[in-house]
Amino acid sequence: MTKNGSLQIINPATEERIDEVTVSSREDLDRAAEKAKRGFEEWRGFAGLDRAEVFHDISRTMRVHADELAEIMTKEGGKPYIENHDEVTWSAACFDYYGEIARDSVGYLPAPIEPQQLALVVKEPVGTVACIVPWNYPLLLAVWKLAPALAAGNAVILKPSEETPLATRRMAELMEGLPEGLLQILYGAGDVGDALIRHPGVDMVAFTGSQETGRKVGVVAAERLIRANLELGGKDPFIICDDVDVEIAAQGAVWAACLNAGQVCTSSERFYVERGVAKDFIEASREFVESLNIGDPMDPSTDIGPMVNAKGRERVERHVGEALNNGAKLVAGGERWGEAGFYYKPTVLTGVEHSMRVMREETFGPVVPIVEVNSLDEAIEQANSVPFGLGANVYTRDFEKMLRCMRELRAGTVWINDPLTDNDAAPFGGQRGSGIGRELGREGLEAFQESKHVHIDPRVEKKDWWYPYGPADDSGRRAM
Ligand code: NAD
């Protein structure tokens, strides 16, 4: 919430205001763009090994401050402390990874046109990159952009979410080894993000957020003809085949739906269960959901914390309410929890239809809507039936089914028997309406690089194909 030029930071577990942050002005933006340019020039003078050492220092410092950063994130975002602590260490690991792979290669050699020539493809930075991120993984999603962007030699202007700027501010303070100006932070809501990507000093935008905002960002990038990497929302399917251990599949399913109170871009939001195991799966899901601890996210025994804000919880209530009004059955949850805080109980629904919003739009809350299917064919068809394609999960022991799901599920990541495990060495991103471009892995570095083709002929000689062409002979060929 913005009030008198400040972001009011609310603890979602208590609804109390914990801090405020001044919204960045137009002058701040101009200054940031200018400083970023100077930081960029200085960063050019760093060899790959020197950059890697700066990154390893950042990684070490983040790990030393993991408790502090995790506590800030818990208080501003409501995600359980344990999950936030993991987030800090994954972010640190991402700096280590990009510090090293960025110096592994700075281009490649294609075969030249003539054997005496040399063809080079040189990888260069794009310039100043605007990174705009949401609130659900405030550090990790920022680092997935800024580590590869900086490793590729760019400067970064980062805009955290208006809900969660505090941990980002602290992380930036800890990044002492970077040249001055190379990483700038701007604070504010969508208007600040919009002004940032329209600024002439910005050469590229890397955005993570909702599909709706991503579309707007894409339009501005197209108007300005700057590169845009878009990581957007999802509506991930989760298929449970009838050959699995139902208890384990149910626990995996509930975790994939309720992690961070269901506010993960790759949260599983639609469950397709083969009929033979459906009854047992529903019962196991109910039992597991009801055994979870809801409460203070700072308490290490808490499984489910609050949602980030009232607006998010209201969206979940709308989706669940509409489903129940149209014939879905409530198996567990379906209501708020506690006196204060934006809590919503983990919820299991059956009897849902594909026409319902809970099966078509991003719910972004702790909801497990279950559909019984007659076959894997039907499950795959339904899984592919919405215009998102971020992630997809499958539980099966049958290798043939695994291969079918791998080939046929239209998603950027397919997880088989291990939901939602990220790997910073492998690309992450969405197919179809879930985004354009990839983060992480080598592709995540290339996203922030320009390719320059350099063609060298060491011989200074006139080429046969230059002017004058001369008259053509009878066959139409020209004399050289
Ligand atoms: P959001 O789209 O409302 O906001 C994301 C960011 O964009 C915020 O920093 C916001 O201030 C900024 N913004 C808003 N309007 C803007 C504009 N016109 N121009 C530039 N910037 C603007 O998303 P949210 O509610 O913060 O986050 C939840 C969404 O993010 C969900 O849809 C979720 O699926 C998605 N998400 C995607 C990924 C992924 O990697 N694909 C990861 C996490 C979250």
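Student: How do the residues of the shell around the ligand divide into nonpolar, polar and charged?
Tutor: The model is a predicted one, in which local features need pLDDT of at least 70 and side-chain atom pairs count only at pLDDT 80 or more, while totals for chains, interfaces and linings use all residues. Residues are numbered from 1 along each chain as its sequence is written, and side-chain values use heavy atoms, with hydrogens and water left out. Ala, Val, Leu, Ile, Met, Phe, Trp, Tyr, Cys and Pro count as nonpolar, Asp, Glu, Lys and Arg as charged, and the others, Gly among them, as polar. On that basis the shell divides into 14 nonpolar, nine polar and five charged residues.

Student: How many residues surround the ligand?
Tutor: A residue is near a molecule if one of its heavy atoms lies within 4 Å of it. Glu-162, Ser-210, Thr-213, Leu-232 and Glu-362 are the closest. The number of residues surrounding the ligand is 28.

Student: Which helix supplies the largest share of that shell?
Tutor: Helices (H or I, at least four residues) and strands (E, at least two) are DSSP runs, numbered from the N terminus. At least two shell residues come from each of α7 (190-198), β9 (204-208) and α8 (211-224). The largest share is three residues, and it comes from α7.

Student: What is the distance from a ligand oxygen to an N or O atom in the side chain of Glu-362?
Tutor: A polar contact is a pair of N or O atoms within 3.5 Å; within protein, one must be able to donate a hydrogen and the other to accept it, and residues adjacent in sequence count only if both atoms are side-chain atoms. A ligand oxygen is 3.4 Å from a polar backbone atom of Gly-209, and a ligand oxygen is 2.7 Å from a side-chain N or O atom of Ser-210. For the side chain of Glu-362 the distance is 2.5 Å.

Student: How much of the area that the ligand exposes when taken alone does the protein bury?
Tutor: Accessible areas come from the Shrake-Rupley method with a 1.4 Å probe; for residues, only the protein chains shown count as cover. Taken alone, the ligand exposes 860 Å². The share buried by the protein is 88%.

Student: Why does Ser-285 count as buried?
Tutor: Ser-285 lies in helix α10 (residues 275-290). Buried means under 20% relative accessible area, exposed over 50%, and partly exposed in between (1.4 Å probe, protein chains only). Ser-285 counts as buried because its relative accessible area is 0%.

Student: Is His-455 buried or partly exposed?
Tutor: His-455 is found in strand β19. With contact meaning heavy atoms within 4.5 Å, His-455 touches Ile-113, Gln-117 and Leu-118, not counting residues up to four places away in sequence. Its relative accessible area is 44%, so His-455 is partly exposed.

Student: What is the phi of Phe-364, a residue that is not a glycine?
Tutor: Most residues other than glycine have a negative phi. Phe-364 is in the loop between α12 (357-360) and β15 (367-373). Its phi is positive, at about 55 degrees.

Student: Which residue is joined to Pro-468 by a cis peptide bond?
Tutor: Most peptide bonds are trans. Pro-468 is found in the segment after β19 (449-456). Omega of the cis bond is about -10 degrees, and the residue joined to Pro-468 is Tyr-467.
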